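Let's take a walk through this protein together. Have a look at the picture first, then read on.

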Amino acid sequence: MGLIKLHHLFLIIFLSHFFLLSSSQTPQPDHQCLDHQKSALLQFKNETFSESSSSLSPKLASWEPDTDCCSWEGITCDSATGHVIGLNLSHVNLQGLVDSNSSLFKLHNLLMLDFSWNFDLAFNLDSEKVIPTPFGFSLLPNLSHLNLAYTGFSGQVPLQMSHLTKLVFLDFSGDGGLKLESPNLKELVQNMSNLKELLLDQVSLSSQNSDWFKALSYAAPNLSVLSLSGCSISGPLDSLLSNLHFLSEIDLSLNNLSSEVPDFLANFTSLVSLDLSYCGLHGEFPMGVFRLPNLQNIDISSNPELVGLLPEFPEHSALSKLLLSDTRFHGKLPESIGHLQFLNQFYINSCNFTGTIPNSLGNLSQLQFLSLSSNNFGGSIPSSIANLTQLQVLALSSNHLSGSIPSLVLPRKGLLSLLNLELSDNLFDGVIDCSLFTLPSLNYLSLAENFFRSLPPEGSCKPSSSLGYLNLSYNVLQGPIPGLITELKSLQELYLSSNEFNGSLDLGLFSNFTNLTYLDLSDNLWSVTASPNLIFPQLWSLKLRSCSVKKFPTFLRNLQGLGSLDLSRNGIMGQIPIWIWMSSLVSLNLSDNSLTGLDGPLPNASTLQLSYLDLHSNNIKGSLPILWHQYPMVLDFSNNSFSSFIPDDIGSYFDDLVFFSVASNKLIGEIPASICSAGRLEVLDLSNNSFNGTIPRCIGNFSAYLSILNLGKNGFQGTLPQTFANTLNTLVFNGNQLEGTVPRSLSDCNALEVLDIGNNWINDTFPFWLENLPQLRVLILRSNKFHGKIGNPQTRNAFPMLHVIDLSSNDFTGDLASEYFYHWKAMMKVDNGKSGVRYLGKSGYYYSYSSSVKLAMKGFEFELQRILDIFTAIDLSNNEFEGKIPDSIGELKSLHVLDLSNNSLEGPIPSSLENLSQLESLDFSDNRLSGRIPWQLTRLTFLSFMNLARNDLEGTIPSGGQFNTFPATYYEGNPRLCGFPLSRKCEAVEEALPPIQQDLDSDSSSEFDWKFAGMGYGCGVVAGLSIGYILFWGNGVFSQSFTLQKHHPRMKSRRRRSTS
């Protein structure tokens, strides 16, 4: 796709030969073209080309009335009769309308007609005349080649086309404006038994269902070229296609075939080109296709469910293009890949290949494009890569490649033609090889997200003047800026963010970079300064996030074309200067500073085109700086001190707004109903303010794109909205004064991941109907007036993705619903982040939003600012549950937090809890549990908090493991317990416990040891990934980033059984 197709080349060669042959046999004057045909041609020229046009094609310029029309360019005549038999007017800017009465159809002897690539040439052939004589294309019965590709031919293909029974070549490809319904494909081709090449790209065949292959296999058995790209055809691929033995080119790309790839494709021995990209294919790809003797091009990319292995390739294979990107092909690259001596393009990015890159790749002397990105290749880059002297693109990013990069410039060889080199997101380290900067043609170089420590020393190599893009972000480059960087004066884009550069950096070092358009120096250890007179004439984007810029750089006034500016996380104090609102700015990020206000009103709306404004996490006071024009797409004013009302007509200015957050301010009043006019809004966060009144009824479904709606921590009254958009991902009403019941319409929100309606006055029974939501991961109903029994699941797959459920501080009664524990499959699979880190929330092109939640854990309340999707928790505390703790809870092997405290549970603690290998926090306090503490719990190596206080437990407290770190307060109120850490000693008759693991290395006592470290990853740090810090509590490991409060649950006023 995007390359010249083979059949086009064949046709061009054939037609050129035809025209040359006919021209060489042009008759003498007594056999010149016939007058009536010349007249028809001149009339057609007048119908389809404007004489006033300045773009007269050279072909048509030769069409003069006083010359022989057989000598005109684009015209082929029969040498014996003078009849016009060929008309080639492709790419000549034909205009106007061809209808059934066009003078074109007076050329009854035409064999070949090519009008392709005349976009303004329209056809009006839809109406079929009920008359006994032929008309339109029916008047050209001898046509063997018809090419109307990429013209204004649109609508329904007329029936008269089916009369062209001698066609060998037919091309109606276009831009999607043509359809085949009546006639359909079968009716069109049923009499075209000579057809060899059929090209209908982007012609709608949606009405054919899967019958299209039957029509072709019966009507056109000699077909050699079949191109139906983007025709809305469906699968599966039927065995009748195997009857088309002569197929040399197949293009069925961009169709939803939803099919396996049939084995019979490996029998098409004439096949030269196969394109099945973007077809929804699945299953195993037949390996024999790769071994077809004549196959040159194969594209099966962008079929994410298609599985396969590469074969051992034979010597002298004809393959020149092999595209497997975005499939599930796996295994190792065979050494025999080096046999593909004609290979020009090799794309296997975004697959599952493993192993090392074979050294034999260096044998592919014709290779120009090589992409192995986004796989699992390890080891080093083979030095033989430098043999690929024709290579233009080399993409190896997002693998596990390590070591140093080999020299890519060698005597008399090397990657001298390389334009694009992508090595980002690997494990490369050490010094960056000098040869990367001396490649003579290299324009694009990305080395981001590795472990490089330094660049080549200054003066060690002379950099090429061709380099225009350089990305060194997310490495561990140290020291002041290397001198080599300042020599790259041809750079247009330079990214140095997230390294360990230090010292003072004067932006004047880049003053000679006259073509510089993008500059990112963010998140280093240096202090950036600049002269007030500094000028960057082409600079469009400047990012100086966390660069110790303590005041607004005045040189910014000189950047008249600046479109994007990021000065976030710098500690800039004071007010925002009025001059910062430059008319050229599209994006402005001033977040995470110490700004207090605006130095004057915003400029007139007509002078601004700002689409992205981020002022979050400052201390700005006063009214909201609303941009009163049609451009804003992202406005983030959260975590400030704004104290105004939201203007009543705010929605009328937000036609294109996608993200709007004023969370954590001091805003007051009611939400204006006009906000529901923002019909493109995806994120609306008004949480943690002082809004009051009722919530507008429209707020739940005013936008067809709404994904995040957070109105938590305000003073809203009344009831919840009754309707909600089915696009919702996160819905938060926590911390208001809402009453009533949970709306049943939420059962239609199939994309919902987070539902938090805790801390309200909702009076309802358990909303069991939410169990059908396929994506629901977090359900918070805490601190309401829910009541009654939970009951058993109503479906066979209840809450399949649930990770966090908090029903605490309600009035639920009855036994714990043990059947539910068998259904919560997402809590059964231990992952520990091995499949990658994902936070709940929403990411768009212009923004990223992380969902948050407050939970009680380890006796404290934690505000999880981000929720890792492998974090799991159950809190059923402070209700009226009774009966035994079910053994089925031991099925939840990935559970991290379990709180059943302050209920009326009785019986023993189930030993099945030993299966909860990831458990970090356990609270069974304030119940009526009895019996011994299961010694098996000492096997829970991540358990750092376990509160069993105020129960009726007895016997010896188990020792070993994490139990040796727990204080006596975890066991108080159990008068029949004895042993460490209690002062009450056990009697000698106590039964010995089975041997358990040795105590963890510790100097612990009952005191807590709090330590903070950087973000962790792996066992026992799951909650910390939810925020970004790690809290080591005692000997247990529990990571968390948080707002911390002592947990004081709302106690039930019930009489407890005496424990005296």
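## Ground rules

A residue is called buried if its relative accessible area is under 20%, exposed if over 50%, and partly exposed in between, using a 1.4 Å probe and protein chains only. This is a predicted model, where local features need pLDDT of at least 70 and side-chain atom pairs count only at pLDDT 80 or more, while totals for chains, interfaces and linings use all residues. Residues are numbered from 1 along each chain as its sequence is written, and side-chain values use heavy atoms, leaving out hydrogens and water.

Let's start with His316, which is exposed, at 62% relative accessible area. Its phi is near 65 degrees, a positive value in a residue that isn't glycine. You'll find His316 in the loop between strands S16 (305–309) and S17 (321–323); strands here are DSSP runs of E with at least two residues, helices are runs of H or I with at least four, and both are numbered from the N terminus. Tyr278 also has a positive phi, near 55 degrees, and is partly exposed at 47%. Look for Tyr278 in the loop between S13 (273–275) and S14 (282–284).

Now for some cis peptide bonds. One runs from Ser182 to Pro183, with omega near 10 degrees, and Pro183 sits in the loop between strand S9 (178–179) and helix H4 (185–189). Another links Gly235 to Pro236, with omega near 5 degrees.

## A parallel sheet

Four strands make an open sheet with parallel pairing, in the order S22-S24-S28-S30. Strands count as paired if DSSP finds at least two bridges between them. S22 (378–379) and S30 (451–454) are the edges, each pairing on one side only. S28 (427–431) and S30 share 3 bridges, and Asp429 stands opposite Phe451 in S30.

## Sulfur links

How many disulfides does the structure hold? There are 5, counting any pair of cysteine sulfur atoms within 2.5 Å. Cys70 and Cys77 form one of them, with an S to S distance of 2.1 Å. The torsion about their S-S bond is about -100 degrees, so this disulfide is left-handed. Cys70 is buried at 6%, and so is Cys77 at 7%.

Cys676 and Cys698 are joined too, at 1.9 Å. Their loops lie between S47 and S48 and between S49 and S50, so the bond ties together parts 22 residues apart in sequence. The torsion for Cys676 and Cys698 is about 75 degrees, so that disulfide is right-handed.
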